[in-house]
Amino acid sequence: MSKREDDGCARKRRTEAGYKSEDCMNPDSSVIAAFKVFQQELDTKHDKYERLVKISRDITIESKRTIFLLHRVTSVPDVEEILTEADVKLDGVKQKIGWIAEELKGEDLHQFHRAFTPGIQEYVEAVSFHHFIRHRVLISLEEINARLVFMRENKGESEVAWTGPSVLTFQITPTDYLLGVADLTGELMRMCISSVGNGDIDTPFQLSGFLREIHDGFSYIGNTGPYEVSKKLHTLRQSLGKVEDACYTLRVRGSEIPKHMLADVFTSRAATHLDPDEPMV
């Protein structure tokens, strides 16, 4: 018998022995019992993770709708009506965050953080945009977290039933807060464009000063903070540069350009203001 045939026969014998050992496997073995427990724990964790992902998607969608609604404040006479409607939408988003708090009760938040962080960042962006329009200041992390206290109530069939303590809280992490604020700068830049297009020449200067303060804060963190935060710095600088360029155009050439053309002039200048390949510091 050749060496190759001998190796083939040896593999066949080992395979048959493996099948026999599986057939004779003891279902009452402590090892098998332990792995069944591990299987149940992993299945439970994966199911919870998927539920959190779905809730996060719903939060993201509703938060984006709120942001789109808030952009209408530059073109309507009654700003308070828009803000009140946005309050209702944000309350609905907050209820969904309550579902996350229920899912995380008794769990390690960091094990599931990646499942819901996109939605939380979008919520921070929406609620901070709403707060800025109403008060012209940046909402703090403590103020946002103070709103995320949930009382147990009678739930409908389609909602999660709470058990245990009658009060649940959810604490947004500093990183999620910073990432949400960084995304806010893009919405403020768009608000600036809309304001200019509607002939409002005061709002861009207010936004410029506000964005400069946010930029200074992020620059203070620099590369010492989380990696995701440092990546947002480049986009933040682009938004600030476009708003400052709009203010420059309004200050220098505002009296020469008809109001209905200001937005077009600003957009064309903003498109070439910053080099997209500019390296991050």
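1. Arg212 has a relative accessibility of 31% and therefore counts as partly exposed (buried is under 20% relative accessible area, exposed over 50%, partly exposed in between, with a 1.4 Å probe and protein chains only). The side chain of Arg212 meets that of Glu244 in a salt bridge, at 2.8 Å from N to O (a side-chain nitrogen of Lys or Arg within 4 Å of a carboxyl oxygen of Asp or Glu). Glu244 lies in helix α8 (residues 227-253) and Arg212 in helix α7 (residues 203-221), so the pair ties together parts that are 32 residues apart in sequence. Glu244, at 30% relative accessibility, is likewise partly exposed. Helices are DSSP runs (H or I, at least four residues), numbered from the N terminus.

2. The model is predicted: local features need pLDDT of at least 70 and side-chain atom pairs count only at pLDDT 80 or more, whereas totals for chains, interfaces and linings use all residues. Residues are numbered from 1 along each chain as its sequence is written, and side-chain values use heavy atoms, with hydrogens and water left out.

3. The structure holds 11 salt bridges. One of them joins Lys64 and Glu122, whose closest N and O atoms are 3.5 Å apart. This pair links distant parts of the chain, with Lys64 in helix α2 and Glu122 in helix α4, 58 residues apart. Lys64 is partly exposed at 36% relative accessibility, whereas Glu122 is buried at 11%. The C-alpha atom of Glu122 is also separated by 9.4 Å from that of Ser56, 66 residues away along the chain.

4. Asp87 forms a salt bridge with Arg134, the closest N and O atoms being 3.4 Å apart. Because Asp87 lies in helix α3 (residues 79-103) and Arg134 in helix α4, the pair ties together parts 47 residues apart in sequence. Both are partly exposed: Asp87 at 26% relative accessibility and Arg134 at 31%. Separately, Lys48, Arg51 and Glu103 are linked in a network of salt bridges.

5. Helices α2 and α4 (residues 109-135) pack at an angle of about 20°, with axes 8 Å apart (axes are lines fitted to C-alpha atoms, for helices over the stretch in contact, and angles run from 0 to 180 degrees between N-to-C directions). The two helices are therefore roughly parallel to each other, a class for angles under 35 degrees.

6. Val31, found in helix α2 (residues 30-70), is partly exposed at 48% relative accessibility.

Terms used:
Angles under 35 degrees count as roughly parallel, over 145 as roughly antiparallel, 65 to 115 as roughly perpendicular and the rest as oblique.
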